[in-house]
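Please read it with the coordinates open.

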Amino acid sequence: KIQAVHRGKKTRMELLKQKQVVEEEELTAAALKIQAVHRGRKTRMELLKEKQEKDEMEAAALKIQAVHRGKKTRMELLKQKQVVEEEELTAAALKIQAVHRGRKTRMELLKEKQEKDEMEAAALKIQAVHR
C-alpha cells in the first residue's frame, strides 16, 4: 500500500511536471507568436512611415519644381513683353523721325519754291524796268 501511494504520488508528480513543461512550451510559443506579430507590425509601421516621408518629399519637390517653372515662365513672358515694347518704341521713334524728316523736306522745298518765285518776280520786275 505504501508503494502504491508512493507510485501514485510519483506518477502525479511526473504528470504535473509534464503538464508544466507543456504549459511552459505553450507559453513560450505564445510569447514568440506575440513577439513576431509585434515585430511584423512595427516593421510595417516603419515602412509606412518611410513611404509617407518619401511621398511628402516627392510632393515638396514637385511643388518646388512647379513654383520654379511658374517663375521661369513669368520671367520669359516679361522679357517677351519688354522686347515687344522695345520694338513698338523703336517703330514709334522711326515713325516720328520719318514724319519730322518729311515735314522738314516739305518746308525746305516750300522755301526753295518761294525763293524761286521771288527770284522770278524780281527778274520780271528788272526786265520790266529795262524795257
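This is a predicted model: local features need pLDDT of at least 70, side-chain atom pairs count only at pLDDT 80 or more; totals for chains, interfaces and linings use all residues.

The numbered points below go from the whole chain to single residues.

1. Every value below is computed from it, and local features were taken only where pLDDT is at least 70.

2. Fold. The chain holds 1 helix and 0 strands. The radius of gyration is 56 Å, while the globule rule gives 14 Å for 131 residues, so the chain is more spread out than a compact globule. The helix, H1, covers residues 2-130.

3. Dimensions. Along the principal axes, the C-alpha atoms fill a box of roughly 190 × 5 × 5 Å. Two pairs of residues give a sense of scale. Ile-2 and Glu-108 are 106 residues apart along the chain, and their C-alpha atoms are separated by 156 Å. For His-68 and Glu-24, 44 residues apart along the chain, the C-alpha separation is 65 Å.

4. Burial. How much of the chain counts as buried? The figure is 0% of the 131 residues. A residue must fall under 20% relative accessible area to count as buried. The accessible surface of the chain comes to about 13100 Å². Carbon and sulfur atoms account for 61% of that surface.

5. Ile-2 is found in helix H1. Its relative accessible area is 74%, so Ile-2 counts as exposed. His-68 lies in helix H1 as well. With a relative accessible area of 52%, His-68 is also exposed; the cut-off for exposed is over 50%.

6. Charge. The chain carries 32 positive and 22 negative charges.

7. Salt bridge. Side chains of opposite charge can pair when their charged atoms come close. How many salt bridges does a search of the whole structure find? The search finds 1. Lys-51 and Asp-55 meet through their side chains in a salt bridge, at 3.2 Å from N to O. Because the two residues are 4 apart in helix H1, about one helical turn separates Lys-51 from Asp-55. Asp-55 has 35% relative accessibility and counts as partly exposed.

8. Negative patch. Which residues form a negative surface patch? They are Glu-108, Glu-112, Glu-115, Asp-117, Glu-118 and Glu-120. One of them, Glu-108, has its place in helix H1. Glu-108 is partly exposed, at 42% relative accessible area. Patch residues need over 30% relative accessible area and no salt bridge, and the value of 42% for Glu-108 is given on that scale.

9. Points to check on screen.

Methods: Residues are numbered from 1 along each chain as its sequence is written. Side-chain values use heavy atoms; hydrogens and water are left out. Patches are made of residues with over 30% relative accessible area and no salt bridge: like charges are joined within 9 Å, nonpolar side chains (Val, Leu, Ile, Met, Phe, Trp, Tyr) within 5 Å. Accessible areas come from the Shrake-Rupley method with a 1.4 Å probe; for residues, only the protein chains shown count as cover. A salt bridge is a side-chain nitrogen of Lys or Arg within 4 Å of a carboxyl oxygen of Asp or Glu. Lys and Arg count as positive and Asp and Glu as negative; His and the chain ends are not counted. The place of a charge is taken as NZ of Lys, CZ of Arg, CG of Asp or CD of Glu. Buried means under 20% relative accessible area, exposed over 50%, partly exposed in between (1.4 Å probe, protein chains only). The radius of gyration is taken over C-alpha atoms; the globule rule is 2.2 Å times the number of residues to the power 0.38.
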